[in-house]
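Subject: Structure handover

Hello,

Here is the structure I promised to pass on. My notes follow below it.

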Amino acid sequence: MILKICVSYFFQISNIQIMKKNQTIVKEFIFVGFSLYPDVQTLLFVVFFSLYLLTLMGNLTIMGLTWVDRTLHTPMYIFLSALSFSETCYTLSIIPRMLTDLLTADRSISVIGCGLQMCFFLGLGGTSCIILTLMGYDRFLAICNPLRYPLLMTNILCGELVAFAWAGGFFVSLIEMALIFRNFFCSPNLVKHFFCHMRVVVRLSCLDSNLTEFIVTLISVSGLLGTFLLIILTYVFILSTILRIPSSDGKQKAFSTCASHLTVIIIHFGFASIVYLNPETSGEGDTLISVPYTVITPFLSPLIFSLRNKDMKNAFRKVLGKIVS
């Protein structure tokens, strides 16, 4: 077994050395992005920039209100604030660079820079998925075990679970990074996307990338489906509990606490599944279908959580009243 691994490694090194002689080993990539649509790049910049500003404002508002209003120092809003922070960092890793590329002709990025962008994109995306799952678990405890909820879900435990979400997201990200960047990349160095998407980058490897692409896609899809199925399972128990509540007012109140989270889940995992469950998309198509997942979803998430939440709106009115007075 060890001999087989050594021989395989030797042939891999030999193949790379041969390719170094026959092909150019790239040290930077060039984003194709939206250069395929030169006539609408200015319009796209205005639209994406506006959405990005609104996304930042929404997430910063949620984090700020959770920080200053003590009535929001509860597990539900701690998770919401953590989600807002992770999504702020998530958009920060992609959108500013995308906006710059819409206005400039130089769309190059170093291999190291590409790796860092991919690491943060995958890590923060995974973190958001885990936090959404933890939010579902929090609602499950609050509705299915209301008497024991204060003992089961404390603020300290929330902090530990959020730390676990970050560790889990970046652990998976580093595994995928190690698989993708273990080899050299050969010309052409055109990334047919507006950011370093893992499937697009891995296809630029000097060696046959089919197996690596399959593995990293399988890891991403497994993480996506795993967290989604856990959320579905929690909502099966939540729904069964709500249906046993005798009063209609009680049912409505219980369901209203889950409505925002459920809406975000449908949008988040719906757009993500389009990206990751469709591995054979062309470069142009891959660019277009990634826009909702990277731009629209982070914009809608704080909007839904703030507009459909009475506590958040009341906290905003109190802070606004203090500022005005």
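Is Ala-82 buried or exposed? Ala-82 is buried, because its relative accessible area is 11%. Buried means under 20% relative accessible area, exposed means over 50%, and partly exposed lies in between (1.4 Å probe, protein chains only).

Some ground rules. This is a predicted model, where local features need pLDDT of at least 70 and side-chain atom pairs count only at pLDDT 80 or more, while totals for chains, interfaces and linings use all residues. Residues are numbered from 1 along each chain as its sequence is written, and side-chain values use heavy atoms, with hydrogens and water left out.

**Whole chain**

The protein chain has 12 helices and 3 strands. These are DSSP runs numbered from the N terminus (helices: H or I, at least four residues; strands: E, at least two). Of the 325 residues, 47% are buried. The chain exposes about 16900 Å², and carbon and sulfur atoms supply 71% of that. Areas come from the Shrake-Rupley method with a 1.4 Å probe; for residues, only the protein chains shown count as cover. Take the contacts (heavy atoms within 4.5 Å) between residues at least 6 apart in sequence: 80% of them join residues at least 24 apart.

**Ala-82**

Ala-82 sits in helix α3. Beyond residues up to four places away in sequence, Ala-82 touches Ile-131 and Val-162. Its C-alpha atom is 9.8 Å from that of Cys-158, 76 residues apart along the chain.

**Helices α2 and α3**

The axes of α2 (residues 41-68) and α3 (residues 75-92) come within 9 Å and cross at roughly 150°. Axes are lines fitted to C-alpha atoms, for helices over the stretch in contact, with angles from 0 to 180 degrees between N-to-C directions. The pair is therefore roughly antiparallel, a label for angles over 145 degrees. On the α2 side the contact includes Tyr-52, Leu-56 and Ile-62. On the α3 side it includes Leu-80, Phe-85 and Glu-87. The contact residues divide into 8 nonpolar, 7 polar and 1 charged. Here Ala, Val, Leu, Ile, Met, Phe, Trp, Tyr, Cys and Pro count as nonpolar, Asp, Glu, Lys and Arg as charged, and the others, Gly among them, as polar.

**Met-98**

Met-98 is in helix α4 (residues 95-103). Met-98 is buried, with a relative accessible area of 2%. Leaving aside neighbours within four places in sequence, Met-98 contacts Phe-34, Phe-48, Phe-194 and Val-295. The C-alpha atoms of Met-98 and His-193 are 9.8 Å apart, and 95 residues separate the two along the chain.

Best wishes

Terms used: Angles under 35 degrees count as roughly parallel, over 145 as roughly antiparallel, 65 to 115 as roughly perpendicular and the rest as oblique.
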